[in-house]
Amino acid sequence: MEYRENALSYEDYCRLRKSVSWQLFSKEQMREAISRSLYTITAVEDGLTVGMGRLIGDGMYYLLADLVVHPAYQERGIGTGIANRLMKYVEDKTPAGGRSSLQLIAEKGKEGFYEKLGFKRIPHEFCGSGMRKIIRKAPTSLS
Ligand SMILES: CC(C)(COP(=O)(O)OP(=O)(O)OC[C@H]1O[C@@H](n2cnc3c(N)ncnc32)[C@H](O)[C@@H]1OP(=O)(O)O)[C@@H](O)C(=O)NCCC(=O)NCCS
């Protein structure tokens, strides 16, 4: 398995999201999001991209997003390989004496995968629940 840095293409991004039945965003949003990622990792086997993960962030707070391994390649350590590389990026960028907060929203049932990587479920004794709001916009009559 080869792990590549910052080589995520729009086509692979869409294909991998579809492989796990995740909805797509608009084409413009997905293209811009990929190009504005801080860091991406793709897992490539025999020339085929079989996994991906992205980091978004500002040097203090980071979001681990779009971690996907194609179903035919799951349970082979690839998801862990991608996540470890994303975590190492954050560790390398964190200055001596500083700290970084790496956050994510686990898919239902995937919490155990992240716990093995050292993530803690929230809420816990120091944190309330994670929260999010989805903002949708209806298409215009021209689109
Ligand atoms: C979650 C996902 C990325 C894991 O990738 P993967 O390559 O199959 O994971 P790995 O093979 O590296 O698994 C590592 C360990 O986590 C375990 N694991 C995998 N899925 C798990 C789950 N849902 N709950 C608990 N443990 C899990 C594996 O059994 C393995 O344990 P081991 O080290 O004791 O053998 C993959 O299942 C996936 O793409 N799922 C669909 C998309 C998704 O849900 N992404 C996460 C978004 S938050």
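Predicted model: local features only at pLDDT ≥ 70, side-chain atom pairs only at ≥ 80, totals over all residues.
Residues are numbered from 1 along each chain as its sequence is written. Helices (H or I, at least four residues) and strands (E, at least two) are DSSP runs, numbered from the N terminus.

Five strands form an open sheet with mixed pairing, in the order β1-β2-β3-β4-β5. From one strand to the next the twist averages 20 degrees. Two strands are taken to pair if DSSP finds at least two bridges between them.

Strands β2 and β3 run antiparallel and are joined by seven bridges. Within this pair, Val-44 is placed opposite Thr-49 of β3. The two strands form a hairpin with two residues between them. Asp-46, in the loop between β2 (39-45) and β3 (48-57), has a positive phi near 50 degrees, although the residue is not a glycine. Asp-46 is also exposed, with 7 other C-beta atoms within 10 Å. For this classification, C-beta atoms are placed from the backbone, and a residue is buried if 20 or more other C-beta atoms lie within 10 Å of its own, exposed if 12 or fewer, and partly exposed in between. By the burial criterion β3 is mostly covered, eight of its 10 residues being buried.

Strand β3 also pairs with β4 (residues 61-69), in the antiparallel sense and over six bridges. Across this pair, Arg-54 has Ala-65 of β4 as its bridge partner, Leu-55 stands opposite Leu-64, and Gly-51 stands opposite Val-69. The hairpin of β3 and β4 has three residues between the strands, and Gly-59 in this hairpin takes a positive phi near 95 degrees. On pairing with β5, β4 runs parallel to its partner, and three bridges join the two strands. Leu-63 has Gln-103 of β5 as its bridge partner.

Helix α3 (residues 78-93) touches β1, β2, β3, β4 and β5, and its direction makes about 30 degrees with that of β3. Helix α1 touches β2, β3 and β4, and its direction makes about 100 degrees with that of β3. Axes are lines fitted to C-alpha atoms, for helices over the stretch in contact, and angles run from 0 to 180 degrees between N-to-C directions. Residues are in contact if their C-beta atoms, placed from the backbone, lie within 7 Å.

Helix α1 (residues 10-19) also packs against helix α2 (residues 27-35), at an angle of about 110 degrees and with the axes 10 Å apart. This angle makes α1 roughly perpendicular to α2, where angles under 35 degrees count as roughly parallel, over 145 as roughly antiparallel, 65 to 115 as roughly perpendicular and the rest as oblique. The crossing of the two helices is right-handed; a crossing is left-handed if the near helix is turned anticlockwise from the far one by less than a right angle, and right-handed if clockwise. At the contact, Tyr-10, Tyr-13 and Cys-14 of α1 meet Met-30, Arg-31 and Ile-34 of α2. These residues comprise five nonpolar, no polar and one charged. Here Ala, Val, Leu, Ile, Met, Phe, Trp, Tyr, Cys and Pro count as nonpolar, Asp, Glu, Lys and Arg as charged, and the others, Gly among them, as polar.

Asn-6, in the loop between β1 (2-5) and α1, has a positive phi of about 50 degrees although it is not a glycine. Asn-6 is exposed, with 12 other C-beta atoms within 10 Å. In the segment after α4 (111-116) lies Pro-123, and the peptide bond from Ile-122 to Pro-123 is cis, with omega near 5 degrees.

Conventions. Contact = placed C-beta atoms within 7 Å.
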